[in-house]
Amino acid sequence: MLMALDIPQERGLSYLDHKYLDGLQVCRFPLFDFLEPLPLDWMYLVYTVMLLGALGIMLGFFYRASCLLFLVPYWYVFLLDKTTWNNHSYLYGLFGFQLLFMNANRYWSVDGLRNPQKRNAHVPLWNYTVLRMQVFIVYFIAGIKKLDADWVEGYSMGNLARHWLFSPFRLVLSEEMTSLLVVHGGGLMLDLTAGFLLFLDATRPVALVFVTYFHCMNSQLFSIGMFSYTMLATSPLFCYPDWPRRLAAHVPTCLRGLLPPSEPPQPSSDCVYREVGQQRQGKGARRPGLRQHLGAIFTVLYVAEQFFLPYSHFITQGYNNWTNGLYGYSWDMMVHSRSHQHVKITYRDGLTGELGYLNPGVFTQSRRWKDHADMLKQYATCLSHLLQNYNISEPEIYFDIWVSINDRFQQRLATHRPGD
């Protein structure tokens with residue numbers, strides 16, 4: 001449901017004509033250079049298919065097909081524009097990929113009404129394992145990344161403590177101490193511990209209170225679309241799977257017809273069962289088949305890959321927060337903020353030697369390219385082609401960009417001047 005709400009908002013369905021500017025000369029920044037947007041009418045169709053897929057997943061209606069209808073357009077749109085890349089958009093795509101392999105249409109679903117074997121049936125434990133581990137990784141790796149000196153010393157979100165949400169804390173603490181202890185210290189501790197506390201029965205109620213408060217605050221502090229509500233929706237994954245049944249059992253009988261069933265689930269051929277008191281592979285136990293082995297392999301490989309990617313910076317080399325090589329896979333949420341003192345684009349006519357200057361951001365709707373070397377290259381290539389339409393022969397493009405991270409002194413990020 002949240003993804004269905006997200007598609008008109010952060011994905012851009014409600015302003016698609018402005019997002020793709022059909023027929024105009026625009027520089028774009030796809031992850032792979034061969035990716036290009038379709039004509040505007042076809043892009044509306046792509047977004048409509050994605051929306052229908054999200055609704056199908058929500059209802060459990062032709063579930064596998066709905067997963068594909070959502071997943072393929074989502075990753076196409078996501079990879080089409082690196083300037084909109086962020087942690088939570090990446091997370092939504094990961095959830096969609098995981099759901100494709102899961103049996104998430106067994107309870108209170110349209111498919112269950114159509115197929116008695118799927119109605120109110122068990123799902124394999126690895127389905128929960130993958131989802132829980134994904135949420136745990138988002139919290140825990142974000143906490144590990146916040147061990148960065150800038151976050152620990154209170155420089156990353158320096159002005160956040162002025163927000164009205166922190167007014168109660170400012171009654172007993174100064175603004176500087178509120179920033180250091182509550183914003184930075186509290187954020188660090190919550191991210192480091194939330195995943196563990198949600199896993200344990202004894203600490204789960206307290207953890208649910210704190211993560212709910214945390215995400216509700218984030219929804220007011222930042223413009224991050226459905227992310228806060230998506231993380232709230234993942235919290236019940238850590239509870240016992242029968243919590244909806246126990247909740248429905250306390251509802252008056254006259255209303256139970258409108259709620260999910262409260263009776264115990266039926267056995268499923270996708271699961272392996274053992275009788276109580278029997279040994280692990282003893283008499284009467286069903287041995288795992290190919291489907292179960294593939295589920296175990298998928299779980300191990302997927303979780304290992306998710307732990308590897310945040311620390312794969314050596315692939316692109318350099319300080320990841322400066323070069324941004326694999327920043328999008330690192331869960332470095334809010335650790336660094338950037339400001340630009342000076343951005344200059346110079347072009348030179350390769351035949352006449354004439355110099356000229358371009359307004360930063362010309363022929364593009366985004367300015368995120370200023371922080372990414374790969375986008376600078378894509379932008380320069382695009383400009384060199386477009387400027388030929390303005391009687392500039394064999395144009396050469398030069399950038400001079402100065403950046404500050406977390407309000408430090410400005411440093412030159414990229415430079416290449418005529419004659420160098």
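**Entry 1: terms and overall layout**

Helices (H or I, at least four residues) and strands (E, at least two) are DSSP runs, numbered from the N terminus. I am working from a predicted model, in which local features need pLDDT of at least 70 and side-chain atom pairs count only at pLDDT 80 or more, while totals for chains, interfaces and linings use all residues. Residues are numbered from 1 along each chain as its sequence is written, and side-chain values use heavy atoms, with hydrogens and water left out.

I counted elements and found 16 helices and 4 strands in the protein. Along its principal axes, the C-alpha trace spans about 85 × 55 × 45 Å. I then looked at burial (buried is under 20% relative accessible area, exposed over 50%, partly exposed in between, with a 1.4 Å probe and protein chains only). Of the 420 residues in the protein, 46% are buried. For contacts (heavy atoms within 4.5 Å), I noted that, among those with a separation of 6 or more, 66% join residues 24 or more positions apart.

**Entry 2: the nonpolar cores**

I searched for nonpolar cores, meaning sets of buried Ala, Val, Leu, Ile, Met, Phe, Trp, Tyr and Cys residues joined through side-chain atoms within 4.5 Å. The largest has 74 residues, and Tyr 47 and Trp 331 have the most contacts inside it. Helix H7 (residues 125–145) supplies the largest share of this core, with 11 residues.

Which residues does Trp 331 contact, leaving aside its neighbours within four places in sequence? I listed Asn 87, Tyr 90, Leu 91, Leu 94, Gln 134, Ile 137, Val 138, Ile 141, Ala 142, Lys 145, Gln 306 and Pro 310.

**Entry 3: helix H4**

I checked the length of helix H4 (residues 63–79), whose 17 residues reach 24 Å from first C-alpha to last. This is close to the 24 Å expected at 1.5 Å a residue, where the expected span is 1.5 Å times one less than the number of residues. Its buried residues are Tyr 63, Ser 66, Cys 67, Phe 70, Leu 71, Pro 73, Tyr 74, Tyr 76, Val 77, Phe 78 and Leu 79. I traced what these buried residues pack against, and found helix H1 (2–6), helix H2 (16–20), helix H3 (40–59), helix H5 (87–100) and helix H6 (110–114).

In the loop between H3 and H4 I came to Phe 62, which is not a glycine and yet has a positive phi of about 45°. Phe 62 is partly exposed, at a relative accessible area of 44%.

**Entry 4: the largest pocket**

I wrote out the grid rules before looking: on a 1 Å grid over the protein atoms alone, a cavity is a set of points where a 1.4 Å probe fits but cannot get out, a pocket is an open set with protein on both sides within 12 Å along at least five of seven lines, and lining residues have an atom within 4 Å of a point. Grid points are joined across faces, edges and corners, and a volume is the space filled by probe spheres set on the points.

The largest pocket has a volume of about 1,800 Å³. It is lined by 43 residues, of which Leu 99, Ala 104, Leu 131, Ala 233 and Leu 237 are the closest to its centre. Two or more lining residues come from each of H1, H3, H4, H5, H7, helix H12 (227–234) and helix H13 (243–249). Which of the elements gives the most to this lining? I found that H7 does, with 5 residues. The lining divides into 31 nonpolar, 8 polar and 4 charged residues, where Ala, Val, Leu, Ile, Met, Phe, Trp, Tyr, Cys and Pro count as nonpolar, Asp, Glu, Lys and Arg as charged, and the others, Gly among them, as polar.

**Entry 5: single residues**

Is Ser 404 buried or exposed? This residue of strand E3 (residues 396–405) is buried, with a relative accessible area of 1%. Not counting residues up to four places away in sequence, Ser 404 touches Ser 337, Arg 338, Ser 339, Phe 409 and Gln 410. The C-alpha atoms of Ser 404 and Gln 341 are separated by 7.7 Å, although the two lie 63 residues apart along the chain.

In the loop between E3 and strand E4 (411–415) I looked up Asn 406, where phi is near 55°, a positive value in a residue other than glycine. Asn 406 counts as buried, at 3% relative accessibility.

Ala 207 sits in helix H11 (residues 204–221) and counts as buried at 4% relative accessibility. Beyond residues up to four places away in sequence, Ala 207 touches Leu 197 and Leu 198.

Lastly, I looked up Val 300 in helix H14 (residues 290–308), which counts as exposed at 57% relative accessibility.
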